Amino acid sequence: MIKFNQVSLRRGTQLLFESANLIVHPGQRVGLTGANGTGKSSLFAMLRQQLHADTGEVSIPDVWTIAHVAQETPAVNTSALDYVLEGDAELTELNQQLADAEANHDGHLVGVLHDKLAAIDAYTANSRAGKLLHGLGFTAEQESWPVNAFSGGWRMRLNLAQALMCRSDLLLLDEPTNHLDLEAVYWLEEWLRAYPGTLIVISHDRDFLDRVVTHIAHIEQQRVKLYTGSYSDFELARAEHLANQQAAHQKQQREIAHMRSFVTRFKAKATKARQAQSRIKALERMELIAPAHVDSPFHFEFFPPSRLATPLLDLDKASVGYDENKPLISNIKMRLAPGDRIGLLGPNGAGKSTLIKLIAGVLEPLSGKRKEGKDIRIGYFAQHQLEQLRPDDSPLKHIQRLNKLASEQECRNFLGGFGFHGDKALEPVAPFSGGEKARLVLAILVYQKPAVLLLDEPTNHLDLEMRLALTVALQDFEGALVVVSHDRHLLRTVTDDLWLVSNGQATVFDGDLDDYRQWLLNKDKPEKTTESSSAVNNKKQDRQNAAQQRQKLQPLRNSVKKAEQQMDKLNEALSSLEMQLADTALYTDANKDKLKHLLQQQADLKTQLEQTEMQWFDASEQLEAAQAAEE
């Protein structure tokens with residue numbers, strides 16, 4: 001077993017652990033969580049004996065083989081397959097000894113080595129390495145490519161495959177899903193669930209943790225506490241614990257009220273489609289776990305877009321790609337209106353990011369038309385933008401550059417919601433971590449008040465608390481959202497519609513993420529009969545009909561949304577007014593006129609609210625009736 005006994009550790013002046021205790025039994029799969037800077041990577045370093053505790057003891061069986069993912073990949077000519085095989089150190093060593101024995105014509109040693117190789121199942125090693133590469137998205141052809149032919153993200157996949165190839169007793173994984181698409185994430189989940197050794201994984205992907213781990217080790221206040229169950233179980237346990245702390249009670253209630261209001265509104269307008277039902281379940285869960293994140297350092301919201309139009313953007317029979325004679329996606333028909341929330345699904349390389357670039361205007365259509373609304377702003381987040389930040393400038397300077405009239409305090413208040421407090425807002429960006437840079441790029445996007453928000457893997461490098469803050473903020477975004485993400489929790493909670501990018505097409509996907517998982521499992525299987533082909537065609541026609549019907553329902557959805565927004569404003573105004581009316585000083589002869597004026601305002605607001613609620617109710621009924629007719 002792994003045992004931390006009264007462990008204390010400092011890095012510089014910072015105390016990471018103080019008298020920390022932890023026991024992990026063989027075969028347990030543990031998710032390691034905690035805010036950035038609490039010591040997750042340092043705990044890994046202690047397990048690998050790269051760091052030693054200042055006091056206390058870290059014990060791990062001497063006979064255990066530990067595997068981890070290398071952070072650097074040498075630019076070597078070794079083939080991808082051979083590079084992965086190097087993950088099995090014993091196999092590599094025995095093969096080298098065998099080559100030497102054969103060169104020396106030592107027949108006895110050759111026989112001994114063959115026996116040892118057979119004992120470790122060496123003769124299936126190539127097959128096992130090939131399966132790892134295939135599961136992580138590599139083609140059979142790419143197995144023979146040299147390592148230096150791959151880009152950085154694909155090299156990280158090679159490092160992951162190499163770690164999985166090791167016949168380890170303990171596997172340490174730090175954000176293993178960061179460079180994977182959903183298809184590879186699904187595969188990795190199944191592989192890890194079957195892994196016979198002890199697993200400790202750092203991840204900010206809650207769905208991944210829920211599928212893989214049996215325990216959560218949470219680092220907080222220089223301690224490590226082990227919880228039994230999935231990440232969702234941990235959230236509920238922590239929420240219950242924090243709910244009992246009266247000091248945070250009022251803040252908790254505000255977070256819960258926000259979530260409850262959103263769930264109620266969404267229920268009222270949701271269809272009976274599986275995607276909508278999946279989202280309702282996810283939102284109801286967010287309400288339950290809100291107290292577990294009451295102490296999050298991240299709280300922000302999107303400003304109303306500077307300008308809205310209908311449609312915001314229109315793609316008409318557009319094709320896009322990098323070769324004029326060979327489009328990656330053809331005949332794209334997409335119309336974005338305020339309130340649209342689309343998640344893009346599809347296998348790696350199918351063109352999801354390329355479609356985002358077309359919507360953003362980074363790529364022009366090879367054919368067809370792309371038309372955007374007049375004077376609208378498009379906010380586009382992609383990983384390469386992290387490197388486009390000015391390295392010598394501070395977060396404050398980046399924001400001030402966008403609005404020279406804003407005061408320093410206003411900019412600092414805004415940046416505080418993204419975790420840039422105090423001196424951090426004044427430090428140069430150059431040494432920032434990937435997560436800090438990603439938060440700053442998101443802050444810059446939010447500050448520009450976009451009408452169309454395009455997010456390509458926005459959660460890479462973001463920790464769980466920032467992911468939750470982004471999810472909550474996106475729920476109230478008034479413009480159109482298109483997102484590519486392997487974070488299924490984000491997709492479930494912020495998107496209304498899923499589109500599938502595959503086989504050169506981009507079409508509405510009629511189903512939820514569970515259906516998409518099944519689609520991935522079945523997509524490579526050959527069609528057995530004409531009947532099954534006909535069923536596929538019928539489904540395609542059903543999806544096309546559903547998409548047309550959704551377009552017809554858009555005006556009704558817009559009416560419902562407009563009424564909801566007006567109700568929110570009126571409720572906010574009423575709350576503010578009622579706070580004024582709670583002042584006992586008003587109820588004196590000297591303030592009689594002011595009181596009368598406020599009471600009249602209150603009556604007017606209540607009348608307006610009642611009328612707006614009736615408008616909302618009528619529009620909701622019409623929408624529900626139209627949706628029922630559709631079914």
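Trainee: Which residue of strand 16 is the bridge partner of leucine 455?

Mentor: That is valine 483. Do keep in mind that we are looking at a predicted model.

Trainee: What makes strand 15 and strand 16 a pair?

Mentor: A pair needs at least two bridges. Strand 15 (residues 452-456) and strand 16 (residues 480-484) have five bridges, in the parallel sense, so they count as paired.

Trainee: Which sheet do they belong to, and what makes strand 14 and strand 18 its edges?

Mentor: The sheet is open and has six strands in the order 14-15-16-12-17-18, with mixed pairing. Strand 14 (378-381) and strand 18 (505-509) each pair on one side only, and that makes them the edge strands. On average, neighbouring strands of this sheet are turned by 20 degrees against each other, direction ignored.

Trainee: Where does helix 15 sit?

Mentor: Helix 15 (residues 434-447) lies across strand 14 and strand 15, and runs at about 175 degrees to strand 14.

Trainee: Now helix 6 and helix 7: why are they called roughly parallel?

Mentor: The axes of helix 6 (residues 152-165) and helix 7 (residues 182-193) cross at roughly 15 degrees and come within 13 Å. Angles under 35 degrees count as roughly parallel, so helix 6 and helix 7 are roughly parallel to each other. Their crossing is left-handed.

Trainee: Which residues meet there, and which classes do they fall into?

Mentor: Arg157, Leu160 and Leu164 in helix 6 meet Ala184, Trp187, Leu188 and Trp191 in helix 7. The residues of this contact divide into six nonpolar, no polar and one charged. Arg counts as charged, so Arg157 is the charged one.

Trainee: How do you know that helix 12 is mostly covered?

Mentor: In helix 12 (residues 352-360), seven of the nine residues are buried, and buried means under 20% relative accessible area. The buried residues are Lys352, Thr354, Leu355, Ile356, Leu358, Ile359 and Ala360. After helix 12 comes glycine 361, with a positive phi near 90 degrees.

Trainee: What makes strand 5 and strand 6 a pair?

Mentor: The cut-off is at least two bridges. Three bridges join strand 5 to strand 6 (residues 170-174), and the two strands run parallel. Alanine 67, for one, has leucine 171 of strand 6 as its bridge partner.

Trainee: In which order do the strands of that sheet come, and which are its edge strands?

Mentor: This open sheet has six strands in the order 5-6-7-3-8-9, and its pairing is mixed. Strand 5 (66-68) and strand 9 (223-228) each pair on one side only, so to speak the edge strands. Neighbouring strands here are turned by 20 degrees on average, direction ignored.

Conventions: Residues are numbered from 1 along each chain as its sequence is written. This is a predicted model: local features need pLDDT of at least 70, side-chain atom pairs count only at pLDDT 80 or more; totals for chains, interfaces and linings use all residues. Side-chain values use heavy atoms; hydrogens and water are left out. Helices (H or I, at least four residues) and strands (E, at least two) are DSSP runs, numbered from the N terminus. Axes are lines fitted to C-alpha atoms, for helices over the stretch in contact, and angles run from 0 to 180 degrees between N-to-C directions. Contact means heavy atoms within 4.5 Å. Angles under 35 degrees count as roughly parallel, over 145 as roughly antiparallel, 65 to 115 as roughly perpendicular and the rest as oblique. A crossing is left-handed if the near helix is turned anticlockwise from the far one by less than a right angle, and right-handed if clockwise. Buried means under 20% relative accessible area, exposed over 50%, partly exposed in between (1.4 Å probe, protein chains only).
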